[in-house]
Amino acid sequence: QALASALPVTPPPPHRDMAAMDVDGPAAVGVPEMAALPQVARRVNFQAFQKAAVGTPVRVGGRLSAASSGEQQVLTTTDGGSLKMSAVPTPLPAAIVGGAFVEVVGTKAGDDTVTTVGVVAMPGKEPMVDAELWDEAVKLAQIPQLQELFAPMS
């Protein structure tokens with residue numbers, strides 16, 4: 001007790017308001033439409049997209065090609081495929097069309113076409129997303145023994 005009384009007592013610091021942080025969040029379009037999908041869209045690459053049934057909700061990672069006025073947007077997937085995007089929400093923010101890694105959410109409309117509901121750009125400066133690692137994770141999610149690990153939780 002004598003030792004405790006010999007130590008100086010430091011008062012707590014005065015209350016301060018927290019400072020706002022400048023955080024890069026993902027640029028996204030079509031958020032309400034993505035939330036309204038009847039089921040959680042499954043992540044696929046081009047190979048898995050080819051196997052999915054028409055009408056299946058999907059999420060596909062890759063990069064958008066620059067489209068001129070009137071041209072259809074094309075997504076180059078992580079495994080090198082090309083998907084045409086129909087019904088693209090417009091206008092797309094510069095963060096999305098500027099070559100950033102994006103995830104396109106929609107439904108399969110054909111062998112090489114996705115009816116787009118929304119697009120999300122991954123935050124941060126390039127190269128933030130390792131496309132090969134992303135593709136390997138998508139492939140792992142397709143293995144029947146591992147699917148429950150990647151399934152959305154209810």
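This is a predicted model: local features need pLDDT of at least 70, side-chain atom pairs count only at pLDDT 80 or more; totals for chains, interfaces and linings use all residues.
The protein chain contains 6 helices and 7 strands. Along the sequence, these elements follow the pattern α-β-α-β-α-β-β-β-α-β-β-α-α. Of the 154 residues in the chain, 32% are buried. Among contacts with a separation of 6 or more, 61% link residues 24 or more positions apart.

Strand pairing was examined next, starting with S7. Strand S7 (113-121) is mostly covered, with 8 of its 9 residues buried. Strand S6 (101-110) runs antiparallel to S7, and 8 bridges join the two. A hairpin connects S6 to S7 through 2 residues. Within this pair, valine 105 has glycine 118 of S7 as its bridge partner. Strand S1 (residues 28-29) is also antiparallel to S7, with 2 bridges between them. Here alanine 28 stands opposite valine 120 of S7. The pairing of S5 with S7 is parallel and has 3 bridges. In S7, threonine 115 stands opposite serine 86.

Threonine 116 is another residue of strand S7. Its relative accessibility is 5%, so threonine 116 counts as buried; the cut-off for this class is under 20%. Leaving aside neighbours within four places in sequence, threonine 116 is in contact with Met85, Ser86, Ala87, Val88, Pro89, Val104, Val105 and Gly106.

Strand S4 (residues 73-77) pairs with two further strands. Strand S3 (residues 57-64) is antiparallel to S4 over 3 bridges. Arginine 63 has threonine 76 of S4 as its bridge partner. Strand S5 (residues 82-86) also runs antiparallel to S4, and 4 bridges join them. Valine 74 is bridged to lysine 84 in S5. The S4 and S5 hairpin has 4 residues between the strands, and its glycine 80 takes a positive phi near 90°.

In soluble globular proteins, nonpolar side chains tend to be buried together. The largest nonpolar core in the model has 18 residues. Leu64, Ile96, Val102, Val104 and Val119 have the most contacts inside it. Helix H3 (46-51), S3, S5, S6 and S7 each give two or more residues to this core. Another core, of 11 residues, lies apart from it and includes Leu37, Val105, Val120 and Met122.

Not counting residues up to four places away in sequence, valine 104 touches Val58, Arg59, Val60, Leu64, Leu75, Met85, Val114, Thr116, Gly118 and Val119.

The largest pocket holds about 300 Å³ of space. Its lining comprises 14 residues, and Arg42, Arg43, Arg59, Ala141 and Phe150 lie nearest its centre. By class, the lining has 9 nonpolar, 2 polar and 3 charged residues. Strand S2 (42-44), helix H5 (131-142) and helix H6 (147-150) each supply at least two lining residues. The largest share, 5 residues, comes from H5.

Arginine 43 is one of the residues nearest the pocket centre. This residue is placed in strand S2. Arginine 43 counts as partly exposed because its relative accessibility is 33%; that class lies between the buried limit of 20% and the exposed limit of 50%. Arginine 43 and arginine 59 are 16 residues apart along the chain, yet their C-alpha atoms are separated by 4.5 Å. Leaving aside neighbours within four places in sequence, the contacts of arginine 43 are Arg59, Glu103, Trp134, Val138 and Gln142.

A loop residue was also examined. Glycine 99 lies between helix H4 (94-97) and S6. With a relative accessibility of 28%, glycine 99 counts as partly exposed. Glycine 99 and alanine 121 are 22 residues apart in sequence, and their C-alpha atoms are 9.5 Å apart in space.

Conventions:
Residues are numbered from 1 along each chain as its sequence is written. Side-chain values use heavy atoms; hydrogens and water are left out. On a 1 Å grid over the protein atoms alone, a cavity is a set of points where a 1.4 Å probe fits but cannot get out, and a pocket is an open set with protein on both sides within 12 Å along at least five of seven lines; lining residues have an atom within 4 Å of a point. Grid points are joined across faces, edges and corners, and a volume is the space filled by probe spheres set on the points. Ala, Val, Leu, Ile, Met, Phe, Trp, Tyr, Cys and Pro count as nonpolar, Asp, Glu, Lys and Arg as charged, and the others, Gly among them, as polar. Two strands pair if DSSP finds at least two bridges between them. A nonpolar core is a set of buried Ala, Val, Leu, Ile, Met, Phe, Trp, Tyr and Cys residues joined through side-chain atoms within 4.5 Å. Buried means under 20% relative accessible area, exposed over 50%, partly exposed in between (1.4 Å probe, protein chains only). Contact means heavy atoms within 4.5 Å.
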